[in-house]
Amino acid sequence: MGHTYSAFRFFHSAFRIAAFAFAATAVAEPIRVALTFDDSLKDHLLIAAPMLEERGWRGTFCIVTDWIGKDERRLTWDDVRELISRGHEIATHTKSHQNLITLLNAGEEDEIRREIGESAAKIQQETGFAPRFMFSPFCCQNEITERICSELGLRQAGAPRYNFGSNNCDSVTTFVNELCKSGTVRADILQHGVSQADHGGWCAFADRESFRKHLDAIAELERQGKIIVTDYDGMVSDCALKAKAWPRHGVLSLSFDDASFGQWEAAFPLFAKYDARTTFFVIGTNRVDFMKKALAAGHEIGLHGFRHMDATPTVEERGEDWFWKTDIVPQLTELGKAGIPIRSYAYPNCRRTDRTDALFFSRGFARVRGTGKTFPPNPNPFDPKGDKLDKWRPVATADWLFIPAADFLKARLVPNVIMGEAYHTDIEDILRAMERAGDRGEALFIVSHGIARDAKGISMKTEWLERMLSSANDFGLLVRGIR
Ligand SMILES: [Zn+2]
Ligand SMILES: [Zn+2]
């Protein structure tokens, strides 16, 4: 069998959980699968990350901070920042990889706190990114290590971990098929070395070809609808939602564009109150302080252009390279240096073409948000004077604004409807659209600009936002950004 050690370790408890889940759900829902990589190996950046990206996936890399830069086989901090800038998730795997239960048995609770806390702080200091999860060395953890994590503002990774690493390439297929029969809802597929058997501790893949075959087998399982690959945070979020609202569940994807940094920050407590997260698509580079606070609060930052250039006419008139060099590179470079992870881009004025999409995808962006000519016109056009009111359509009837929630983490081009008085937003209509997304298991994409009490023009009224966030749970909607 290809899965060893932790697979065996957790197999039986996984089946107990699974049997319960099966009784509660009659419809086969894809298992949410996170691909995790432990022990800070250089090959994770050089070999694993590009192979994941080729397949449209992002991994979760569990970092032992004392091992960073230790020798040429390990990641450096530049490498870790590179992984973040390419959209991957970083977690802590502690400071020096000690067995936390051994420390606990020796009465060294303070040492456990240092192992976890100093490692998370170091990651934040070096990258600007606060890790959300702690993966314990040797999977040795209990409710005391869990409590220490939560006191430090972290979550102890709790999903069953299944280690893969032999060159038995059928094993992940066999294994996932067994999990499917058991009705389990989530799985953490763990890898260590990905290029040579003696590389990266125990249970490494014999060579990169066998690792590639392992990923191909996972891709095939995803194509068959048995699993959805996501990062660890996405897996935990999706499963938390299903536990709450299954089978009535969908996603409200909220994003905010341009540069209303003060208003956005003032809304952080409102988002936090409803466990809602959003994406801020920012113009320029001069509010890195805001961006770090937003990341720490669980939100995401996306690009909206160094100078908010309209991509479609600019690419047509000046060419792709000029547009990229002028409006994307300056922003991407500065935010990269500041450790702000960027995966997505929102088109200024929503205007896009297949050509501009291809440009972003070919240069590493996971997702773009826009409308352009491919989609039917926005049901609520920009119309401050009310001249186009005959074009107004209820949002709930605009099918193209909704995608199946199961595709939420997959779709590379996502649409949006805009809220604000200048678009004649009817909040009751928005709530009906949210209800539809919950009923049908869809994702609905909404964008606005500023956020303020009784906001005018193109901004979101705080009172609308509060009604949407407080209703989302009733509709079975998880509120997230663009991801
Ligand atoms: Zn480890
Ligand atoms: Zn804009």
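Visitor: Does alanine 297 count as buried, partly exposed or exposed, and why?
Guide: This is a predicted model. A residue is buried with 20 or more other C-beta atoms within 10 Å and exposed with 12 or fewer. Alanine 297 has 15 C-beta neighbours inside 10 Å, so this residue counts as partly exposed.

Visitor: Which residues does alanine 297 touch, leaving out those up to four places away in sequence?
Guide: Alanine 297 is found in the loop between α12 and β11. Arginine 277 is 20 residues apart from alanine 297 in sequence, and their C-alpha atoms are 8.3 Å apart. With residues up to four places away not counted, alanine 297 touches Phe268 and Ala272.

Visitor: What is the handedness of the β-α-β crossover from β10 to β11?
Guide: β10 and β11 (residues 300–303) pair in the parallel sense over four bridges. Within that pairing, valine 282 has leucine 303 in β11 as its bridge partner. The chain passes from β10 through helix α12 (residues 288–296) to β11, and the crossover is right-handed.

Visitor: Which residue in β10 stands opposite aspartate 257?
Guide: Strand β9 (residues 250–258) runs parallel to β10, and four bridges join the two. In β10, the residue opposite aspartate 257 is phenylalanine 281.

Visitor: Which residues of strand β10 are buried on each side?
Guide: Strand β10 spans residues 279–282, and both of its faces are covered. One side holds the buried residues Thr279 and Phe281, and the other holds the buried residues Phe280 and Val282.

Visitor: What share of the contacts with a separation of 6 or more comes from residues 24 or more positions apart?
Guide: The protein has 17 helices and 20 strands. Of its 483 residues, 49% count as buried. Among contacts with a separation of 6 or more, the share from residues 24 or more positions apart is 73%.

Definitions and conventions:
Residues numbered from 1 in each chain as written. Chains lettered and ligands numbered in written order. Predicted model: local features only at pLDDT ≥ 70, side-chain atom pairs only at ≥ 80, totals over all residues. Contact = placed C-beta atoms within 7 Å. Pairing = 2+ DSSP bridges. Right-handed = clockwise from strand over helix to strand, strands pointing away.
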